[in-house]
Amino acid sequence: MRLSQISFRYRKRDPFVIQEADARLVPGDVIELTGANGAGKSTLLRLLAGLAEPTIGTIADRPAVVGFAPDRFPSAQPFTVTAYLRHMARVRGGARWEPWAERLNMGHLLALPLGELSKGSAHKVGLTQALMADPGLLILDEPFAGLDADTRDTLPSIAMEIGARGGIVIASDHQGGLRGLPGLRQWSMVDGRLKESSEALQEPETAPRAGGRQEAVVAVTLPAAELPRFLARMRGEGYRAREIEETG
Ligand SMILES: Nc1ncnc2c1ncn2[C@@H]1O[C@H](COP(=O)(O)OP(=O)(O)OP(=O)(O)O)[C@@H](O)[C@H]1O
């Protein structure tokens with residue numbers, strides 16, 4: 001999936017909220033998006049999800065199935081959690097929501113009306129709805145906000161699993177909930193500009209450069225078609241691995 005020089009503003013004459021963002025996302029990427037309040041994170045996520053179109057520039061090769069868990073789950077709907085998830089499963093062509101509800105510790109919530117849920121519980125409904133369709137692109141807006149401790153611990157492994165089977169995961173996060181995941185890409189929005197930290201590709205400053213060094217960075221060239229499987233395998237073995245350049 002590729003973002004080519006995308007800029008976005010909500011209305012003509014408004015200032016641009018996103019300015020000339022360029023990025024390439026490949027299967028297996030797990031990305032953390034940070035930035036100050038109002039920096040444009042939610043806007044960028046909505047553009048990635050296809051819920052808004054860039055004012056300028058293009059987004060190409062978006063995976064066919066997108067799961068999106070918004071910052072504020074719209075809980076003012078007259079359904080119980082079960083009725084809502086069943087409905088969404090039908091819309092998603094018979095997707096299975098029950099295993100996700102179990103994994104996200106939602107048993108005690110299923111009979112409750114959506115309107116009675118706390119922010120964290122409503123967020124779990126949003127997560128289940130986003131996960132059930134086995135998305136090729138999973139977009140999570142502040143997924144850790146208000147979550148209970150067990151679910152906070154579960155979410156990074158879910159993100160890794162989706163990456164390992166060739167999906168792309170991007171989550172805006174103030175809380176560092178995905179930090180420490182091998183190969184995590186770190187994006188930040190600063191004054192409407194998208195920046196990527198290249199931390200994952202640098203040797204730590206503390207690592208001696210020769211002799212008994214602790215880490216090494218290697219480049220591997222391989223057929224493009226094998227990239228998702230290769231990245232997933234490396235990450236599965238605990239290495240930080242990501243694509244660094246497009247060749248040919
Ligand atoms: N529907 C809208 N119409 C007009 N302006 C908007 C709209 N939604 C957001 N904005 C403006 O766009 C800018 C970026 O907002 P956005 O919600 O994308 O930021 P954010 O980084 O997600 O912030 P937060 O961390 O507070 O959620 C802000 O100045 C905001 O006021």
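Biologist: Which helix lies across β5 and β6, and at about how many degrees to β5 does this helix run?

Modeller: Helix α4, residues 119-131, lies across β5 and β6, and runs at about 175 degrees to β5. Axes here are lines fitted to C-alpha atoms, for helices over the stretch in contact, with angles from 0 to 180 degrees between N-to-C directions, and two residues are in contact if their C-beta atoms, placed from the backbone, lie within 7 Å. Helices (H or I, at least four residues) and strands (E, at least two) are DSSP runs, numbered from the N terminus. This is a predicted model, in which local features need pLDDT of at least 70 and side-chain atom pairs count only at pLDDT 80 or more, while totals for chains, interfaces and linings use all residues. Residues are numbered from 1 along each chain as its sequence is written.

Biologist: In what order do the six strands form the open sheet?

Modeller: Strands of a sheet pair through backbone hydrogen bonds, either parallel or antiparallel. Here the order of the open sheet is β5-β6-β7-β3-β8-β9, with mixed pairing, where two strands pair if DSSP finds at least two bridges between them. Because β5 (66-69) and β9 (193-197) stand at the edges with a single partner strand each, one side of each is left without a neighbour in the sheet.

Biologist: How many residues of β7 are buried, and which of them lie on each side?

Modeller: In a regular strand the side chains alternate between the two faces of the sheet. Five of the five residues of β7 are buried, so β7 is largely enclosed by the rest of the structure; a residue is buried if 20 or more other C-beta atoms, placed from the backbone, lie within 10 Å of its own. Ile168, Ile170 and Ser172 are on one side, and Val169 and Ala171 on the other.

Biologist: Which helix lies across β3, β6 and β7, and what is the hand of the crossover from β6 to β7?

Modeller: Helix α5 (residues 149-164) lies across β3 (30-35), β6 and β7 (168-172), at about 150 degrees to β7. Parallel pairing joins β6 to β7 over five bridges, with Leu137 having Ile168 as its bridge partner in β7. The β-α-β crossover from β6 through α5 to β7 is right-handed, meaning that, with the strands pointing away from the viewer, the path from the first strand over the helix to the second runs clockwise.

Notes: A residue is buried if 20 or more other C-beta atoms lie within 10 Å of its own, exposed if 12 or fewer, and partly exposed in between; C-beta atoms are placed from the backbone.
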